[in-house]
Amino acid sequence: MAIVEKVIEAPPQQVFDVLADGWTYSDWVVGTAHMRDVDEAWPRVGSQLHHRAGPWPFSLQDASTVLVCEPPHRLVLRAGLWPAGEAIVAFTLEPVDGGATRVRIGEEFAAGPLRWVRNKANDLVLHLRNRETLARLSDIATRQKGPQ
């Protein structure tokens with residue numbers, strides 16, 4: 001499983017709140033182009049995000065399903081990438097000194113053609129993609145809220 005980590009200057013609950021807002025996924029998950037719908041129960045186990053992935057006009061509709069949800073420490077998804085396949089994506093959040101959070105994202109292809117095509121080039125692209133995903137997650141999680 002390819003694992004990327006980043007320390008985000010926000011407490012675990014604040015970071016998990018971004019994960020729990022399914023409508024923001026296209027803002028920070030690299031490759032997700034548009035959120036079509038989010039199940040009302042999100043992020044409970046079995047609930048889904050319905051999204052489009054890839055550039056228009058070639059984007060494809062798919063869904064991602066929650067496999068494990070342990071707020072504010074862990075979220076595991078089965079991310080649909082068809083026709084390329086499916087990936088298991090695990091987010092773990094661990095508090096660190098100063099009110100920050102160490103976020104790890106691990107991704108492993110679970111089904112489809114990408115499961116059988118594993119090489120150093122693919123691993124590098126996946127690593128870079130997930131590093132950018134965590135940078136975007138950090139930007140949203142640390143954003144200052146305006147006056148209420």
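## Ground rules

Helices are DSSP runs of H or I with at least four residues, and strands are runs of E with at least two, both numbered from the N terminus. This is a predicted model, in which local features need pLDDT of at least 70 and side-chain atom pairs count only at pLDDT 80 or more, while totals for chains, interfaces and linings use all residues. Residues are numbered from 1 along each chain as its sequence is written, and side-chain values use heavy atoms, with hydrogens and water left out.

## Aromatic pairs

Rings of Phe, Tyr and Trp (its six-membered ring) pair if their centres lie within 6.5 Å; planes under 30 degrees apart are stacked, over 60 edge-to-face, and the rest tilted. That rule gives 3 aromatic pairs here. In one of them, Tyr-25 and Trp-28 have ring centres 4.7 Å apart and planes at 50 degrees, so the pair is tilted. Both residues belong to helix α2 (residues 25-28), 3 residues apart, or about one turn of the helix.

Tyr-25 also pairs with Trp-42, this time edge-to-face, at 5.7 Å centre to centre and 90 degrees between the planes. Here distant parts of the chain are linked: Tyr-25 sits in helix α2, and Trp-42, 17 residues apart from it, in the loop between β2 (32-38) and β3 (48-53).

## Burial and the cluster

Buried means under 20% relative accessible area, exposed over 50%, and partly exposed in between (1.4 Å probe, protein chains only). Tyr-25 is buried at 4%, Trp-28 at 0% and Trp-42 at 8%. Together with Phe-91, these residues form one aromatic cluster.
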